[in-house]
Amino acid sequence: ADRSSDTSADSGHTDQLVRQLGHPDFETREQAEQKLKEVGVAAAEAIRTAASSGDPEISRRCQRILRDILREDLQHRMTVFEAGASDLDDSMPGWKPFRELIGNSAEDRSLYLRLLKAETGLLLSFDAGTEAIAPALQFRIQQYMQAQNTPDPVRRTTPSVDTTLMFLFVGSNAELLGQTAPMEVAWVRNWLRQSPFQKFVSDKKNGSGPRTMMVLWTLARTNNGSFHVDRLYEAVTFQLPEALPVALQGLQTKPYMGMSIEAIGRLGGKDYAARLVPLLDDETVLGTMTRDKKRIDILAKDVALAWLVHLSGQKPEDYGMPQASAWFKRLEQSPNHMFSSSSYSVADPDKRAEFRKKWDEWVAKNPLPKPPKDFSKDVPAGPAAVQPEIKPELDEPEEEPYHGPQLAERWD
């Protein structure tokens, strides 16, 4: 049942109190305001209607009363919610979609309360639909954008972990995300790279909720090609096998193909190695370098073969790719690295056919496992949209192969 005060008030009595808010006598106005607060949420509708009246005094007082009684009512419901499941659960703002998407465990309920306390306004807007939540989300993101851009270091601030999680939860709605400006989405992505946020999501003591939010956020943007690289980054950084559809779609688009092959290997492991087999015939050029004044192309099939060899427990150097062996060791020691085409160069490109034959003979005796899940229905049709492509530069060979920038360096 909805909470109300001990004061029993019918609509006629409430209307009388509302009219007294405009009484010439100050004490009468003050008493009426206090009595309406005591009535509580039972008077909310009448107060909300009067707030738009033509009387400035009544309007001002009604707005203040409504704010106070709704805040008190929400605080009461939060206290009840924190104590355990009750009939009031479904009256909590945004709880129904949160429960359906994230869960209803003790950790999930605790996380929900954290988000509600951090961003009460956003969750209240959430129940009002896309028309209300879209501008509310944009406003909050823009507030933090301005806070980080201010020249005053004292006022400069970044959103808390809870606020960032709230941005993810609200922004996981594909329709809503489509109304969010690319610049605002880019700022949210930047906040995902903050160390406190990454530690919170990775800490199992916080339950599965934060990680689920990352999965929903990453998948919600699968059709937004402009940010495909960032989705791959998030999937690998937070180790989200559920985001494999993002990598599978990226295979259809040249600028993302190399990162997508690597993401499939890193997220899916040997279980999904078979998804790379069709790429063994793909001669798409993913990068170039020079060795002994000779241009060497790094092809999609080179990257695929390197990962297939690695995932099957063999040594890439036995297939003419010693730099790939060094790269895989680097990933084990420091997972915050991302795709570098030069790490997959073949020592002698003329022996590609020989190495392919060796693989075919090996896999004939050691078949790869069938992928445990078919993601084909989860992968959007057609390639992802791309930003204008930047032509790769020719890399001169180095004494030690270049393994690409660390993610923290690359994306900051």
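## Exercises on a helical model

The protein's secondary structure amounts to 20 helices and two strands. Keep in mind that this is a predicted model.

**Exercise 1.** What share of the 412 residues in the protein is buried, and what share of the accessible surface belongs to carbon and sulfur atoms?

*Solution.* Start with burial: 47% of the 412 residues are buried. Next, take the accessible surface, about 20,900 Å², of which carbon and sulfur atoms account for 49%. To finish, look at the contacts between residues at least 6 apart in sequence: 66% of them join residues at least 24 apart.

**Exercise 2.** Work out what span helix α18 (residues 322-333) should have, and compare it with the distance between its end C-alpha atoms.

*Solution.* The rule is 1.5 Å times one less than the number of residues. Now find the buried side of the story: Q323, A324, S325, W327, F328 and L331 are the buried residues of α18. They pack against α16 (254-268), β1 (285-291) and α17 (300-311).

**Exercise 3.** How do helix α6 (residues 106-118) and helix α9 (residues 161-171) cross, and which residues make the contact?

*Solution.* The two axes come within 9 Å and cross at roughly 100°. Angles of 65 to 115 degrees count as roughly perpendicular, so α6 is roughly perpendicular to α9. On α6, the contact uses L111, R114, L115 and A118; on α9, it uses D162, T163, L165 and M166.

Technical notes
Residues numbered from 1 in each chain as written. Predicted model: local features only at pLDDT ≥ 70, side-chain atom pairs only at ≥ 80, totals over all residues. Heavy atoms only, no water. Helix = DSSP H or I, 4+ residues; strand = E, 2+ residues; numbered from the N terminus. Buried < 20%, exposed > 50% of the residue type's maximum accessible area, 1.4 Å probe, protein only. Contact = heavy atoms within 4.5 Å. Areas by Shrake-Rupley, 256 points an atom, 1.4 Å probe, with all protein chains shown as cover. Axes fitted to C-alpha atoms, helices over the stretch in contact; angles between N-to-C directions. Parallel < 35°, antiparallel > 145°, perpendicular 65-115°, else oblique.
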